[in-house]
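Please read the following report alongside the sequence and the coordinates.

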Amino acid sequence: MPAVIDTLRREHANMAKLLRILERHLDTFDASGSPDYDVVAGIVDYLHDWSGQWHHPKEDLVLAKLRLRDPAAADRVGDLERDHQALAEQTVRFREAIAEIVGGEELPRDQVSQMAHGFLNAERRHMAGEEKVFLPAAERALTAEDWAEIAMRVGDPKDPLFGHNVEKRFEALRRDLVELDRAEQEAAGA
Ligand SMILES: [Fe+2]
Ligand SMILES: [Fe+2]
């Protein structure tokens, strides 16, 4: 499998974990409890900074190549750039709402819940579409030279959460990730 595809799939798996953690905190919020906002803010920051600046642009490069190699397949994928832009805007709005809550503003709970569920669903729907249609089509159509060119253009940025050095702002989230892995491994082995 081309390394770029491998990386994209691994990033999807990582993002899916973040969304499962977000869902757990959202359950707490929906049950009138108080979620860990450090963790929630970490998830939204990561998706904004890392996914927005590295993951999505990488996919945009892959789609540009797919348009050259197999235009019909690219048409079936649809307008990923537009989706990425819409997701980026949704992420910014959600991030602002979290910052307001952390800053002490009382936002209507149902409005926050609706926004969070909308965010969660949009992220999941987007990734599922990419896994089902986009990545397999790209894997079939792109040449080794295409993959080498994309790999060269994206470089090797250091992931601030799933890499070796975890940024301070993601420490609470990293603890939740370790806990999620432990719980899921336990459930799988049970
Ligand atoms: Fe994407
Ligand atoms: Fe993606």
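## Overall fold

Read from one end of the sequence to the other, the protein chain follows the pattern α-α-α-α-α-α-α, that is, seven helices and zero strands. The model is predicted, and the confidence attached to it is given by a mean pLDDT of 95 for the protein chain, with 99% of its residues at 70 or more.

Taken along the principal axes, the C-alpha atoms fill a box of roughly 50 × 35 × 30 Å. Of the 190 residues, 23% count as buried, and among contacts between residues at least 6 apart in sequence, 74% join residues at least 24 apart.

Helix α2 runs over residues 37-69, and its 33 residues reach 45 Å from the first C-alpha to the last, which is close to the 48 Å expected at 1.5 Å a residue.

## The nonpolar cores

The largest nonpolar core has 19 residues, and those that touch the most other members are Leu18, Val40, Ile43, Val44, Tyr46, Leu47 and Leu173. At least two residues of this core come from each of α1 (3-30), α2, α4 (80-102), α5 (109-141) and α7 (171-189). The helix that gives the most to this core is α2, with seven residues.

For Leu173, once its neighbours within four places in sequence are left aside, the residues in contact are Val39, Gly42, Ile43 and Leu161. There is also a second, separate core of 14 residues, which includes Leu66, Ala74, Val77 and Phe134.

## Helix α4 and its surroundings

Helix α4 has 23 residues and reaches 32 Å between its first C-alpha and its last, close to the 33 Å expected at 1.5 Å a residue. Leu80, Leu87, Thr91, Phe94 and Ile98 are buried in α4, and what covers the buried residues of this helix includes α2, α3 (71-77) and α5.

## Positive phi angles

Ser32, whose place is in the loop between α1 and α2, has a phi near 70 degrees, a positive value in a residue other than glycine. Ser32 counts as exposed because it has 7 C-beta neighbours inside 10 Å, and the limit for exposed residues is 12 or fewer. Gly104, which comes just after α4, takes a positive phi of about 100 degrees.

How values were computed. Residues numbered from 1 in each chain as written. Chains lettered and ligands numbered in written order. Predicted model: local features only at pLDDT ≥ 70, side-chain atom pairs only at ≥ 80, totals over all residues. Helix = DSSP H or I, 4+ residues; strand = E, 2+ residues; numbered from the N terminus. Expected span 1.5 Å × (residues − 1). Core = buried A, V, L, I, M, F, W, Y, C linked by C-beta atoms within 7 Å. Buried ≥ 20, exposed ≤ 12 C-beta atoms within 10 Å, placed from the backbone. Contact = placed C-beta atoms within 7 Å. pLDDT = per-residue confidence, 0-100.
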